[in-house]
Amino acid sequence: MKKLISICIAVFLGINIVTSCSIVTANSIEAKYTYTIQDVQNLQNYLLTKPTKDNLAEKPYDLNDDDVWDVFDLCLMKRELLNQQKKTKMNIEVNGYTLTATLADNVSAQAFFDLLKDEPIVLELSEYGSFEKVGTLPQRLPKDDERITTEPGDIMLYQGNQITIFYGSNTWAYTRLGRINNVTQAELKEILGTGNVTITLSISD
């Protein structure tokens, strides 16, 4: 009897998932969809019948193409997100050191990634304000500025065509590009040194 009840519940949940939302398979999306942490949270909440932050209509959450959103899709989505994150690492070579940074999840960072994916770029950064190094990019990037109080290690886009690496703090209108990993403020300040500096940016393998 318990087994029969379990089967009925599973069937009901399957029908509920299929009928309550427009199912979109991953293969039906023309352009490759970039999954985010929010997508994982959305699907997880959906499966637990909790409210979701986003409207899930037309979301490509059926990753195994079986016309049902279930825990298998959640596992595949997490794996896809990890694979995507591997592709959004950046190396910063400066003064004999190689720092790694994780790019942000936004249009500006994606455009920055596209700028770097073919070949590394070398930039001259100038000292500014005793809290950042700033340099001009070879082309403008889309910006979505907001008032941000930066922290050491933040990498920001300024005015659409300048990159700033912060070893101190400042509050201004920036678009977030990423953040340097696993380095303290003191270490970063020492690595960047005083005055102007030359850096090489590349996509991490």
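## Terms and model

Buried here means under 20% relative accessible area, exposed means over 50%, and partly exposed covers what lies in between, with a 1.4 Å probe and protein chains only. By that rule Asp39, with a relative accessible area of 3%, is buried.

You are looking at a predicted model, in which local features need pLDDT of at least 70 and side-chain atom pairs count only at pLDDT 80 or more, while totals for chains, interfaces and linings use all residues. Residues are numbered from 1 along each chain as its sequence is written, and side-chain values use heavy atoms, with hydrogens and water left out.

Searching the whole structure turns up 5 salt bridges, each being a side-chain nitrogen of Lys or Arg within 4 Å of a carboxyl oxygen of Asp or Glu. In one of them, Asp39 pairs with Lys59 at 4.0 Å, N to O. This pair links distant parts of the chain, 20 residues apart: Asp39 belongs to helix H2 (residues 37-47), and Lys59 to the loop between H2 and helix H3 (71-86). Helices (H or I, at least four residues) and strands (E, at least two) are DSSP runs, numbered from the N terminus.

Now for Asp114: its side chain meets that of Lys117 in a salt bridge of 3.6 Å, N to O. Asp114 counts as partly exposed, because its relative accessibility is 33%.

Shared partners join Asp154, Arg176 and Arg179 into one network of salt bridges.

## Strand E9 and its neighbours

Which strands does E9 pair with? Strand E9 (residues 197-203) is joined by 5 bridges to strand E1 (residues 89-94), and the two run antiparallel. Another 5 bridges join E9 to strand E3 (residues 121-128), again antiparallel. Two strands pair if DSSP finds at least two bridges between them.

Val122 stands opposite Thr200 in E9. In a regular strand the side chains alternate between the two faces of the sheet.
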